[in-house]
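Please open the model in your viewer and keep the selection panel at hand. The tour moves from one selection to the next.

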Amino acid sequence: QLVESGGGLVQDGGSLRPSCTVSGRTPNSYAAGWFRQAPGKEREFVAGISWSGRTRGYGDSVKGRFTISRDSAKNTDYLQMNNLKPEDTAVYYCGSKNTGPFSVDLDYPRWVDYDYWGRGTQVTVSS
């Protein structure tokens with residue numbers, strides 16, 4: 001089970017730090033990713049982190065502004081979002097993919113690669 005939290009309403013240029021907690025899994029047994037979907041648009045890759053936390057990837061539209069990180073002890077991944085813009089407004093979804101030390105240490109930018117999803121958290125950036 002994945003539970004997102006930490007979305008909300010923020011002004012242009014502001015920051016948010018949503019989190020995604022995975023329950024029922026041992027630490028470092030999954031890769032995680034954040035995707036977003038705005039009304040009328042396709043789901044978009046935002047950021048991904050490998051099972052070890054050492055490999056991280058970002059969508060082009062958020063590079064340099066967003067940072068994904070992991071607290072393995074808490075099975076929680078964070079998305080630090082800085083310098084938010086109105087075009088970042090969307091529902092943000094966290095996904096997890098079963099993997100681990102038996103597999104290559106990759107992040108996964110395609111949503112079809114993920115096994116489980118949270119319900120999403122709304123992020124709204126006002127201009």
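Begin by selecting Cys-20, which counts as buried because its relative accessibility is 0%, a value that, like the others on this tour, comes from a predicted model. Show the sulfur atoms of the two residues: they lie 2.0 Å apart, and Cys-20 and Cys-94 form a disulfide. Because Cys-20 belongs to strand S3 and Cys-94 to strand S9, this pair ties together parts of the structure that are 74 residues apart in sequence. Viewed along the S-S bond, the link of Cys-20 and Cys-94 is left-handed, with an angle of -80°.

Now turn to the largest nonpolar core, which has 23 residues, and select the members that touch the most other members: Trp-34, Val-46, Phe-66, Leu-79, Met-81, Leu-84 and Tyr-92. To see where this core draws its residues from, colour strands S3 (19-22), S4 (30-37), S5 (44-49), S7 (66-71), S8 (76-81), S9 (90-98) and S11 (121-126), each of which gives two or more residues to it.

Then centre the view on Phe-66: which residues is Phe-66 in contact with, leaving aside its neighbours within four places in sequence? They are Arg-36, Val-46, Tyr-58, Leu-79, Gln-80, Met-81, Asn-82, Leu-84, Asp-88 and Tyr-92.

Finally, select Phe-35, Phe-45, Tyr-108 and Tyr-114, which are among the five residues of another core that lies apart from the largest one.

Notes:
Residues are numbered from 1 along each chain as its sequence is written. This is a predicted model: local features need pLDDT of at least 70, side-chain atom pairs count only at pLDDT 80 or more; totals for chains, interfaces and linings use all residues. Side-chain values use heavy atoms; hydrogens and water are left out. A nonpolar core is a set of buried Ala, Val, Leu, Ile, Met, Phe, Trp, Tyr and Cys residues joined through side-chain atoms within 4.5 Å. Buried means under 20% relative accessible area, exposed over 50%, partly exposed in between (1.4 Å probe, protein chains only). Helices (H or I, at least four residues) and strands (E, at least two) are DSSP runs, numbered from the N terminus. Contact means heavy atoms within 4.5 Å. A disulfide is a pair of cysteine sulfur atoms within 2.5 Å.
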